[in-house]
Amino acid sequence: MLEVSELSISFHRLDRHYRPIHTVAIHKLELSIEAGEILAVVGSSGSGKSLLAHAILGILPRNAQVTGTINFKGEKLTADRQQSLRGKDIALIPQSVQYLDPLMRVGDQVKQAVRRGDPAVLQQKAFNKYKLSDFVAKLFPFQLSGGMARKILVSTATVSGAQLLIADEPTPGLDPSSMRETLGRFKQLAEEGCAVMLITHDIEAALTIADRIAVLYAGTVVEIASRSDFTGDGERLRHPYTQALWRALPGNGFVPLPGAQPLPDALPTGCVFAPRCALATSECEQFPPESRTVRSGRVRCIHSA
Ligand code: SF4
């Protein structure tokens, strides 16, 4: 359904002395999602997760320079195609409920997203599916609880009949039961044939529903692994950063990873993880590692075997 290859996104801007700065926020990123699959894109804040979503939707800021290719259903996603597919075949569930129109009743907002079929019938169906009472349709966004607002966002994306759904950090602030319910909805959509990209910093939540996990670090995917690779001490994982993420979970030893992710305008010359990597050798500092297949997953680490 979606194939991203060699995607790089950079920005030109001026610093406070009006000197030009070129920042590479995403570099040589690759991933793919099949119909009916959930791919979680996991990474910490500043790793480039939302930029990736915005690049697929064609809603990057105007000073962004994009290279590489994004294919949707085997065909290149040009700016014209992005515009015609956005909100229809490709839908975003945004991070913030502020994306709802504050002046329109939420029922009308859901109806407005319908592209094929009877808007009233589909809105009602979505409300039934997500256990939203009829009166909610008449409310304005400011009258909704956090849980209701999220259900409205999911309803809006699903009534559009999208074949690719991008959910950008849909779970922060949700209590455990609402989180389970939200994630369960994505699972249901995937079972109905939708390709789902779940963007999150919460690897534990991702592992409850994702088929595969793409780990993003400093603007590039360092590993793509199956959910089943996240087991034991992390010995089946291929990249030291993914192993560190896994071992930092409370159930897996709570082992902290010293250091911080480099900023986009201060990336190391070689492997982006080298300054924090216990396995780094002088070779790792020469060139950024290419992505390669190791044990049916993808990894950017020259020493992974
Ligand atoms: S390439 Fe080297 S520095 Fe980078 S993750 Fe692998 S071992 Fe560590």
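A salt bridge here is a side-chain nitrogen of Lys or Arg within 4 Å of a carboxyl oxygen of Asp or Glu. This is a predicted model, where local features need pLDDT of at least 70, side-chain atom pairs count only at pLDDT 80 or more, and totals for chains, interfaces and linings use all residues. Residues are numbered from 1 along each chain as its sequence is written, and side-chain values use heavy atoms, leaving out hydrogens and water.

**View 1. Glu181 meets Arg185 in a salt bridge**. Their N and O atoms are 2.8 Å apart. Both residues belong to helix H6, four residues apart, about one turn of the helix (helices are DSSP runs of H or I with at least four residues, strands are runs of E with at least two, numbered from the N terminus). Arg185 is buried, at 5% relative accessible area, while Glu181 is partly exposed at 36% (buried is under 20%, exposed over 50%, partly exposed in between; 1.4 Å probe, protein chains only).

**View 2. Glu181 also pairs with Lys151**. This salt bridge spans 3.2 Å, N to O. Lys151 sits in helix H5 and Glu181 in helix H6 (residues 176-191), so the pair ties together parts 30 residues apart in sequence. Lys151 is buried, at 15% relative accessibility.

**View 3. Arg13 reaches Asp265**. Here the closest N and O atoms are 3.3 Å apart. Arg13 lies in strand E1 (residues 2-14) and Asp265 in the loop between H8 and strand E11 (292-294), so the bridge links parts 252 residues apart in sequence. Both partners are partly exposed, Arg13 at 39% and Asp265 at 43%.
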